[in-house]
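Please keep in mind that the model is predicted.

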Amino acid sequence: MTDVAAEQAEQNDTGFARLAMVTIDCADPVALAAFYGELLGWETRHVDEQFAILDNPEGGSPLGFGRVNGYRPEPWAEPDGGKHFHLDFYVDDLDAATARALELGATEPTYQHGRTLRVLIDPAGHPFGLAPLDA
């Protein structure tokens, strides 16, 4: 058991499972892994046309990206609340991080629901948030 896993086990003695990985459905796992690898500075453990994995250098759970045939992006600002999940990331400089994410292929929707969280859309259509670490 890794040091991180042992520490998590000590902190959570009532649970019986540990998060192994978060996997994001998409049409192109290679491209989406490249996007998030650059965004987070994480290394690629595995990549093929069906699945890709980025390792968390801090020892936490990795991110996976799986191909789904016929994948359709989630609606972000739809009144029915159709989004299924989103990832939030802390950043040191919100404007600089937003600019870099846009350079990598993210887009910024017109609708923003918070003052400190900036919502962007990844190249596969998933919303994600950037928030200043000091907020």
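1. Let me start with helix α3, residues 94-104. Its buried residues are Leu94, Ala97, Thr98 and Ala101. Viewed down the axis of α3, these buried residues fall within an arc of 100°, so they line one face of the helix. An α-helix has 3.6 residues a turn, so residues three or four places apart point the same way. On the other side of α3, Asp95 and Glu103 are exposed.

2. What do the buried residues of α3 pack against? Their partners are helix α2 (29-40) and the strands β5 (87-91), β6 (118-121) and β7 (127-132).

3. Both ends of α3 deserve a look. At its start, a side-chain oxygen of Asp93 comes within 3.1 Å of the backbone nitrogen of Asp95. Just after the helix, Gly105 adopts a positive phi of about 120°.

4. Now the sheet. It is open, with three strands in the order β5-β7-β6 and mixed pairing. Strands β5 and β6 stand at the edges with a single partner strand each, so one side of each has no neighbour in the sheet. From one strand to the next, the twist averages 30°.

5. Ile121 stands opposite Pro127 in β7.

6. Finally, α2 packs on the sheet, where it touches β5 and β7. The direction of α2 makes about 30° with that of β5.

Technical notes:
Residues are numbered from 1 along each chain as its sequence is written. This is a predicted model: local features need pLDDT of at least 70, side-chain atom pairs count only at pLDDT 80 or more; totals for chains, interfaces and linings use all residues. Side-chain values use heavy atoms; hydrogens and water are left out. Buried means under 20% relative accessible area, exposed over 50%, partly exposed in between (1.4 Å probe, protein chains only). Helices (H or I, at least four residues) and strands (E, at least two) are DSSP runs, numbered from the N terminus. The arc is that of the directions from the helix axis to the C-beta atoms. Contact means heavy atoms within 4.5 Å. A polar contact is a pair of N or O atoms within 3.5 Å; within protein, one must be able to donate a hydrogen and the other to accept it, and residues adjacent in sequence count only if both atoms are side-chain atoms. Two strands pair if DSSP finds at least two bridges between them. Axes are lines fitted to C-alpha atoms, for helices over the stretch in contact, and angles run from 0 to 180 degrees between N-to-C directions.
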